[in-house]
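Hello,

Here is the structure we talked about. Please load it and read the notes below alongside it.

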Amino acid sequence: MDNDDPGTADDPGTADEPGTADDPGTADEPAAQPAPQRDKERTRAAILDAAASMIVEHGSGVSLADIARRAGVSKGALTHHFPHRLELEKALVRRSNEQFWADVHALVDLSENRPGKLLRAYVRALTAPDSRAAEIFSPSSLLTVLGDRPGMEELVDDDAARWREALSADGFDPAQALVVRLASEGLAMNMGTPYATEQERELAHARLLELAEPR
């Protein structure tokens, strides 16, 4: 009689009830991320998004107060996350570099059982129509606007070294890889201008992919 009674040890409403030791919602489950941490990450992301869009729109001279206003936070909140302007600018360049790295690697075709997989992904990322990755080489991009500012040297040098190392491990002729890489970047810089029409982009895209194939 007692064992059939709701709320006993054999009943789902007790020992096996949500919130007990056997339930994912108890001590055996990783604790949920505290809300303050999520808020901190959201605020940081909002600041970076606002700074990126405003620098592209208005140049590197945009004020921190205007960036904070666009992000919907106080200037004090902005300087809490980025105490110095250079830290904010470095975070923007670092994020831009990481996004470009991810965009290129997402286009690597692992089924290509021949050298040059990364180089061909680099070409695709920069010369495909409506390429987001190509924007990194546009005159108004964050890398172009901020990359040569004082304090950025180490960050830019590290990114360049990472690409050199990755492409050198691609098993492709180094001199030809360099020519293809720089040509892809040059085409990306000119896309959307009178100096590179859509037809010319298609021609260059196809030829660069041919040049990125081993002989």
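A network of salt bridges links Glu112, Arg114, Arg120, Arg124 and Glu213. The model is a predicted one. In total, 17 salt bridges are present. Three further pairs are described below.

Asp49 and Arg95
These two side chains form a salt bridge, with N to O at 2.9 Å. Asp49 sits in helix 1 (residues 35-58) and Arg95 in helix 4 (residues 85-106), so the contact ties together parts that are 46 residues apart in sequence. Both ends are partly exposed: Asp49 has a relative accessible area of 43%, and Arg95 has 33%.

Arg132 and Asp103
Helix 4 also holds Asp103. Its side chain meets that of Arg132 in a salt bridge, N to O 2.5 Å. Arg132 lies in the loop between helix 5 (117-127) and helix 6 (142-146), so this pair ties together parts 29 residues apart in sequence. Which partner is buried? Asp103 is, at 16% relative accessible area. Arg132 is partly exposed, at 48%.

Asp66 and Arg69
This pair stays within one helix, helix 2 (residues 64-71). The closest N and O atoms of the salt bridge are 2.5 Å apart. Asp66 is partly exposed at 31% relative accessible area. Arg69 is exposed, at 59%; the cut-off for exposed is over 50%.

Side chains of opposite charge can pair when their charged atoms come close.

Best regards

Methods:
Residues numbered from 1 in each chain as written. Predicted model: local features only at pLDDT ≥ 70, side-chain atom pairs only at ≥ 80, totals over all residues. Heavy atoms only, no water. Salt bridge = Lys/Arg side-chain N within 4 Å of Asp/Glu carboxyl O. Helix = DSSP H or I, 4+ residues; strand = E, 2+ residues; numbered from the N terminus. Buried < 20%, exposed > 50% of the residue type's maximum accessible area, 1.4 Å probe, protein only.
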